[in-house]
Amino acid sequence: MSLVGIGVVGAAGWGSNVVRAFSNAKGSALRWVCDLNSDLLTKVASSYPGVRTTRSFDDLVADADVTGIAVAVDVPNHYKLARQALEAGRHVFVEKPLTLSVSEGAELCELAEKSGLTLMVGHLLLYHPALVRTKAYIDAGELGEVFYLSCERLNLGIVREKENAWWSLAPHDIAVALHLFGATPVSVSATGASYLQRDRGVEDVAFAALRFADGRMAHIHVSWLDPHKRRSLTVVGSKKMLTFDDTAPDEKVKIYDKGAVPRPGHTSYAEGVVIRSGDVISPAFSLREPLLAECEHFIDCVRTRRKPISDGAQGLAVVRILAAGAESIAKGGHPISIA
């Protein structure tokens, strides 16, 4: 089977990881890397012999051997480059978030659908082996009825000037909530505050509650102004509870055979709720690199025309929630409905 020719635009920061992953991905042939920084391109040429480099994005879309283009530049340029690639008939992988506005995201989704092209968003955590296992547990009913989930994404830095902590960090956890619940929320309520850049109004911390039509809830806490480095998820079900700690060196996932069972007809808490506590299990799973799995999933979807796990529609749903959350922050936490 022939290899899928890939061009990557953006070789700085996270983009360098995207370049590496597509160079190693099964079924992929990395053909071009585009960046405005000539020094970065010199390093790319040295590290990846045979891969062509350029400062012009037009070179990528003009090459008939390029089937898919990965967009790993700063977010304000996602829409422009993804649109140009789709209009040129290329399948597109774009880093999160898809765009900075709902209208632009919807336009990209419509263009990809009309053209029969794959549009995939880089919501990396959905390809993490721990999240794959968590999704399987939920879908199999191992946790019982899922009541709510809670996410924390905290650290001291990296402080950004052009986007707040909500837009920078929350896309990861919003995507996880939508994926695990298999639904989109009906409303979001969020609060945030600026401490380091009060003059710019760039929020360093945000708390958000996503409410779903069936009563489930997802709580998200993001901050780059916190003494702890946390990348954690808690899922609470009627039978069992699950935690995922991405910073843990091992035993990243733990399943707690714990629960609280209500007993109708009793007036006091002590009589009306039975607390159950059992074993704690940490399942073993593959530690395959999520980014490599994500890139290979894109290659497979291009070949088979399967719908990606993090397709354009899912990416657009995340943008809708981000936009609604930003509006809620501006309104002091007022709940915002999500169309």
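The model is predicted: local features need pLDDT of at least 70, side-chain atom pairs count only at pLDDT 80 or more, and totals for chains, interfaces and linings use all residues. Residues are numbered from 1 along each chain as its sequence is written, and side-chain values use heavy atoms, with hydrogens and water left out.

**Overall build**

- The protein has 10 helices and 15 strands. These are DSSP runs numbered from the N terminus: helices are H or I with at least four residues, strands are E with at least two.
- Its radius of gyration is 21 Å, close to the 20 Å from the globule rule for 339 residues, so the protein is as compact as a globular protein of that length. The radius is taken over C-alpha atoms, and the rule is 2.2 Å times the number of residues to the power 0.38.
- The C-alpha trace spans about 75 × 50 × 40 Å along its principal axes.
- Of the 339 residues, 52% count as buried. Buried means under 20% relative accessible area, exposed over 50%, and partly exposed in between (1.4 Å probe, protein chains only).
- Among contacts between residues at least 6 apart in sequence, 66% join residues at least 24 apart. Contact means heavy atoms within 4.5 Å.

**Largest pocket**

- The largest pocket holds about 1,600 Å³ of space. Of its 48 lining residues, Trp 14, Val 73, Lys 96, Arg 160 and Glu 163 are the closest to its centre.
- A pocket is an open set of points on a 1 Å grid over the protein atoms alone, where a 1.4 Å probe fits, with protein on both sides within 12 Å along at least five of seven lines; lining residues have an atom within 4 Å of a point. Points are joined across faces, edges and corners, and a volume is the space filled by probe spheres set on them.
- Helix α4 gives the most to this lining, with four residues.
- The lining has 21 nonpolar, 13 polar and 14 charged residues. Ala, Val, Leu, Ile, Met, Phe, Trp, Tyr, Cys and Pro count as nonpolar; Asp, Glu, Lys and Arg as charged; the others, Gly among them, as polar.

**Glu 163**

- Glu 163 sits in the loop between β7 (146-156) and α7 (165-181).
- Its side chain makes polar contacts with those of Arg 160, at 3.4 Å, and Ser 168, at 3.5 Å. A polar contact is a pair of N or O atoms within 3.5 Å; within protein, one must be able to donate a hydrogen and the other to accept it, and residues adjacent in sequence count only if both atoms are side-chain atoms.
- Beyond four places in sequence, Glu 163 contacts Val 75, Ser 168, Val 202 and Trp 224.

**Second largest pocket**

- The second largest pocket has a volume of about 290 Å³.
- It is lined by 15 residues, with Ala 112, Glu 113, Leu 117, Leu 119 and Asp 311 nearest its centre.
- The largest share of this lining, four residues, comes from α5.
- By class, the lining has six nonpolar, three polar and six charged residues.

- Leu 86 lies in helix α4 (residues 78-87). It counts as buried because its relative accessibility is 2%.
- Beyond four places in sequence, Leu 86 contacts Val 92, Leu 108, Leu 111, Ala 112 and Leu 117.
- Helix α6 (residues 129-139) has buried residues including Pro 129, Leu 131 and Tyr 137.
- Gly 141 follows α6 and has a positive phi, near 80°.
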